[in-house]
Amino acid sequence: MRDSAPWTMALAQLNPLVGDVAGNTEQCIEAIRQARSQHGARLVVLPEMMLCGYPPEDLLLHAGLQQRIEHALSILMRETADLGDVACVVGFPEYTEGRLYNAAVVIDGGREIARYRKWLLPNYQVFDEKRYFTAGTDACVFELAGTRIGLTICEDVWGEAPAAAAAKAGAQCLIAMNGSPYEVGAQRRREAVVCQRARETGLPIAYVNMIGGQDELVFDGGSFVVDAAGEQIQRSAPFESVLVPVTVSAGATTTLTMSDSEPLPDEMANLYKALVFGTRDYVQKNGFPGVLLGLSGGIDSALTLTIAVDALGAEAVQAIMMPYHYTSSMSLEDAAAQANALGVAYEVISIEPIVTAALGQLQPHFEGIAADTTEENIQSRSRCLLLMAMSNKTGNMLLTTGNKSEMAVGYATLYGDMAGGFAPIKDCSKSQVFALARWRNQQTPEAPPIPDRVITRPPSAELRPDQQDSDSLPEYDVLDPILAAFIERDLSVEQIVALGFDEATVIRVLTMVRRNEYKRRQAPPGVRVSPRAFGRDWRYPITSGYQFPSPRD
C-alpha cells in the first residue's frame, strides 16, 4: 500500500451533560473548530453517545429525544461543511425502524460517509444497555486522508470479534470511542485490554474517553493511543477537558503518535480527583449555587468539607457545627480550626433545645423503657432538621458525610446523618477515608486542610458518653476487608473465613449488611469509585429470608 502524507486526528476528551442535546452539540462544534484551527486536524473523534450524554437511561425512551438528536445531526452536518476540510465521528442514539442502536456516524464535508452500530452491549455492574439497544453486526471501515480506519464503541474493544472484523475489512488503524466510568484501577485495565486487541489485530488503536460526573458515575478521560505491537502507550491527562492531537502516518505500517504523553496517574491522586470532579459536576450540573454540611470534628465530615472546597471553592461552601452534651471540646476546636483554615462560612448552632423539647414530648411514651439508640437518633435527626432548613433557605445543597463502611452495616441514622442531596465519600471505606485525608494533607504540607488530631483520634459518633465506633463495630482494618470481599467479590461466609477472618465476625458483619438494605435504598447518590458501589450496581432485595449460617452450622 502506498504511503500517505502524515495527518492529524484529534481526540476530543469532553464533558457532556445527559439530555442537553443542544449544549452537547455546541461542544462538539467548538471542539471541531479548535481542532481545525489549532492543530490542523483532518478528523475529530468525539466520545460515545456524545450528543445525548451517557448514560441517558430511560430518557432514550422519550419521543422528544429522537427529534432533538435528528436536529443535532443536521446541525453538525451543516457546521462541518462550513468549516472546510475536517471530518468528525460522533456517538449518538440511532432510532431506526422501531429499533435503537448505540451508534457512531462519520461526517465529512457536510455529509455522512459511514455509520457504525455497537456490537457488544454491556449488561453488568452499572451498565444496562440491553434494556435499550439492539446489537450491531457489521464492521465499519472508512477511508480518510488515505487511511482506512475501523470503528469500535466502548465494550466492543473488550471482546475480540469487533476489532478482528474491522481488521479483516481492511482497517489500518482502529478508533475506540468510549463512555467508560472511573473506578480504582480502571486505567490500567483499559490499557491492558486495548494493548491485547492491538497485538491480536496488528493495528494501532486510538482510545478516546469522555470526562465528567453523571449522577453517581464519574468519567475520567485518560484517552490514549497504543502502537500496533500493543507495547507503546501514550496517554492524555485524566479529568481534563482537552483536545489531544495524534499524528497518523499510514502506509505498510500505520502509526499513531501523540506529541505529549502523561505518566500513568497515581491511584490515590486519581481517586481524590474522582471525588472532587464527581462532586463538582453533580452540584453545578444540577444548578445549585453551593453546598453546606454538618462539620462534626470527625474524619468523615473533615474529608467531605475538604473535597467540597477543592471542588467548588471556599465561597460556595458552608459548614455548620451542631454540638450537644456529648460533643467534646476537641471536636469543637478541630471543626473551628478546619473551617478557618479552609476559609469557609462557619456557624455553631446547638441542638440542645431541639433534643430537650423532643425528649420532653416523648417522655410520657418512653416511661419505664431504658434509653437506647432511640435517644441517640433523636440527636442526629435534630441536626438534620437544622441542616435541611438551612439548605431550603439558602438554596445550597446538603452534602451527606457518611462512608461506605457505615452505609454497609447501617452505622448511620435514617432521616438523620444520612439525609442530603449528595454523598461524596459514599463509596469510600473508612480505611480509604483515613488514607485520603493523609494524602490530601501531604499535598499542601505548609497548610494541611485537616487537623492532624482529626486523623489520629479514635473515630466516634459522639452520641453518648465516651462512645467509639469500635464499641459497635469490628476495627476497621478487619471490617473493611470483610465488606470488600462480600460486596465487591460476592464471596461466601466460608470463602471469607478462608481469607483468615473469624467466622463469627464474618457472619455478624454480613448479617448487618443484609439487615440494613432498607436504609441504603433511601440514601442519596454518591461518587462511585469501586468495582461495586451501593447504587445502580447493587440490587439486593430488602425483603429477604436469606440467612447467613450460624457459627455452629
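This is a predicted model: local features need pLDDT of at least 70, side-chain atom pairs count only at pLDDT 80 or more; totals for chains, interfaces and linings use all residues.

Student: Understood. Is N102 buried or exposed?

Tutor: N102 has a relative accessibility of 1%, which is under 20%, so N102 counts as buried. This residue is found in strand β4.

Student: What does the side chain of N102 make a polar contact with?

Tutor: Its partner is the side chain of E129, at 3.5 Å.

Student: And which residues does N102 touch, leaving out those up to four places away in sequence?

Tutor: The set is E48, M49, F92, Y116, R117, K118, E129, F133 and I153.

Student: Which residue stands opposite N102?

Tutor: That is P93. The strands concerned, β3 and β4 (residues 99–108), run antiparallel and are joined by 10 bridges.

Student: What packs on the sheet there?

Tutor: Helix α2 (residues 63–83) does, touching β3, β4 and β5. The direction of α2 makes about 155° with that of β3.

Student: Let us take that whole sheet. What is the strand order?

Tutor: The order is β5-β4-β3-β2-β1-β14-β15, an open sheet of seven strands with mixed pairing. At the edges are β5 and β15 (255–258), each of which pairs on one side only. On average, neighbouring strands are turned by 35° against each other, direction ignored.

Student: Which strands does helix α1 lie across?

Tutor: Helix α1 (residues 21–39) lies across β1 (7–13), β2 (43–45), β3 and β14 (242–249). Relative to β14, α1 runs at about 55°.

Student: Changing topic to charges: how many salt bridges are there?

Tutor: The count comes to 28 salt bridges. As background, side chains of opposite charge can pair when their charged atoms come close.

Student: What does R117 form a salt bridge with?

Tutor: R117 pairs with E94, and their closest N and O atoms are 2.6 Å apart.

Student: What about R115; which residue is its salt-bridge partner?

Tutor: R115 pairs with E112, with 2.7 Å between the closest N and O atoms. R115 is partly exposed at 34% relative accessibility, and E112 is partly exposed at 32%.

Student: How far apart are the closest N and O atoms of R197 and E200?

Tutor: They are 2.8 Å apart, and the two residues form a salt bridge. Both residues belong to helix α4 (residues 186–201), where they are three residues apart and thus separated by about one helical turn. R197 is buried, with a relative accessible area of 6%, while E200 is partly exposed, at 34%.

Student: Which residues are linked in a network of salt bridges?

Tutor: One such network links E26, E30, R33 and E79.

Student: Since α4 came up, what does that helix touch?

Tutor: The strands concerned belong to a six-strand open sheet, ordered β6-β7-β8-β9-β12-β13 and mixed in its pairing. β6 (141–144) and β13 (233–235) each have a single partner strand, so one side of each is left without a neighbour in the sheet. From one strand to the next, the twist averages 25°. Helix α3 (residues 161–168) packs on this sheet, touching β6, β7 (147–153) and β8 (173–178), and its direction makes about 165° with that of β7. Helix α4 also packs on the sheet, where it touches β8, β9 (205–209), β12 and β13, at about 35° to the direction of β12.

Student: How do β12 and β13 pair?

Tutor: Strand β12 (residues 224–226) and β13 pair in the antiparallel sense over three bridges. V226 stands opposite I233 in β13.

Student: Lastly, α6. How many of its residues are buried?

Tutor: In α6, 13 of the 14 residues are buried, so this helix is largely enclosed by the rest of the structure. Helix α6 (residues 299–312) should span 20 Å at 1.5 Å a residue, and its end C-alpha atoms are 20 Å apart, which agrees. After α6 comes G313, whose phi is positive, near 95°.

Conventions: Residues are numbered from 1 along each chain as its sequence is written. Side-chain values use heavy atoms; hydrogens and water are left out. A salt bridge is a side-chain nitrogen of Lys or Arg within 4 Å of a carboxyl oxygen of Asp or Glu. Buried means under 20% relative accessible area, exposed over 50%, partly exposed in between (1.4 Å probe, protein chains only). Helices (H or I, at least four residues) and strands (E, at least two) are DSSP runs, numbered from the N terminus. Two strands pair if DSSP finds at least two bridges between them. Axes are lines fitted to C-alpha atoms, for helices over the stretch in contact, and angles run from 0 to 180 degrees between N-to-C directions. Contact means heavy atoms within 4.5 Å. The expected span of a helix is 1.5 Å times one less than its number of residues. A polar contact is a pair of N or O atoms within 3.5 Å; within protein, one must be able to donate a hydrogen and the other to accept it, and residues adjacent in sequence count only if both atoms are side-chain atoms.
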